[in-house]
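Please consider the following report on a single protein model.

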Amino acid sequence: MARFKKEGTKDLPEINTGSMSDIIFMFLFFFMVITNMRESNVKVIFKTPNASEIQKLEKKSLVATIYLGTPKSKNENTLPPGKVSIQLNDQTVKQENFAKDVRDFIASEKEARTNEEDKQKLTFSIKADKDVQMRYINQIKEELRTNNALKINYATGKKTQMTQ
């Protein structure tokens, strides 16, 4: 009968890691493609009016958006008579806290910008439904003006030809 000799300990072969970086970059690219970059959860329904002259904003990172429109749910705060809702960041505004909430919104947006030049270039974009009364937009403009937020943009739909 033959004897089997145990020859010392054998090393395991090394794992080939040459393609590991390819796999990591493939996963990174996959997640970058499927990720949705959403800034805020819009809680109002708005259809912007069409414009005759349109100008694109240069840097969207320097834009803070204010939404005006019909609330999507009945639980949202509205301004009297209960048909218009104003959204700052992810919260809708109550009528009694309107001035304070806008002031806090402006301060938080300015604090979020670290560079002083970016604070000066900060633009407040008003995305209002085309059926919202102008008095609500004027209230927001007055609050922005009193808090030294003077760069205001009005979001519009596609450019249309105006007939005279």
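Predicted model: local features only at pLDDT ≥ 70, side-chain atom pairs only at ≥ 80, totals over all residues.

Residues are numbered from 1 along each chain as its sequence is written, and side-chain values use heavy atoms, with hydrogens and water left out.

**Overall fold**

The protein has four helices and six strands (DSSP runs numbered from the N terminus: helices are H or I with at least four residues, strands E with at least two). Along the sequence they follow the pattern α-β-β-β-β-α-α-β-α-β. Of the 164 residues, 29% are buried (under 20% relative accessible area; exposed is over 50% and partly exposed lies in between, with a 1.4 Å probe and protein chains only). Contacts are heavy atoms within 4.5 Å; among those between residues at least 6 apart in sequence, 68% join residues at least 24 apart.

The expected span of a helix is 1.5 Å times one less than its number of residues.

| Helix | Number of residues | End-to-end C-alpha distance | Expected span |
|---|---|---|---|
| α4 | 13 residues | 18 Å | 18 Å |

In α4 (residues 134-146), the buried residues are Tyr136, Ile137, Ile140, Lys141, Glu143 and Leu144. Viewed down the axis of α4, these fall within an arc of 160 degrees and so line one face of the helix; the arc is that of the directions from the helix axis to the C-beta atoms. They pack against β2 (63-71), β3 (85-88), α2 (98-112), β5 (123-128) and β6 (152-154).

In α2, Phe98, Val102, Phe105, Ile106 and Glu109 are buried. Their arc around the axis is only 95 degrees, which places them on the same side of α2. Their cover includes β2, β3, β5 and α4. In general, an α-helix has 3.6 residues a turn, so residues three or four places apart point the same way.

**Surface patch**

Ile23, Met26, Phe27, Phe29, Phe30, Phe31, Val33 and Ile34 form a nonpolar surface patch with about 850 Å² of accessible area together (Shrake-Rupley method, 1.4 Å probe; for residues, only the protein chains shown count as cover). Patch residues have over 30% relative accessible area and no salt bridge, and nonpolar side chains are joined within 5 Å; a salt bridge is a side-chain nitrogen of Lys or Arg within 4 Å of a carboxyl oxygen of Asp or Glu. Phe27 lies in helix α1 (residues 20-34) and is partly exposed, at 46% relative accessible area.

How values were computed:
Patch = residues over 30% accessible without salt bridge, like charges linked within 9 Å, V, L, I, M, F, W, Y side chains within 5 Å.
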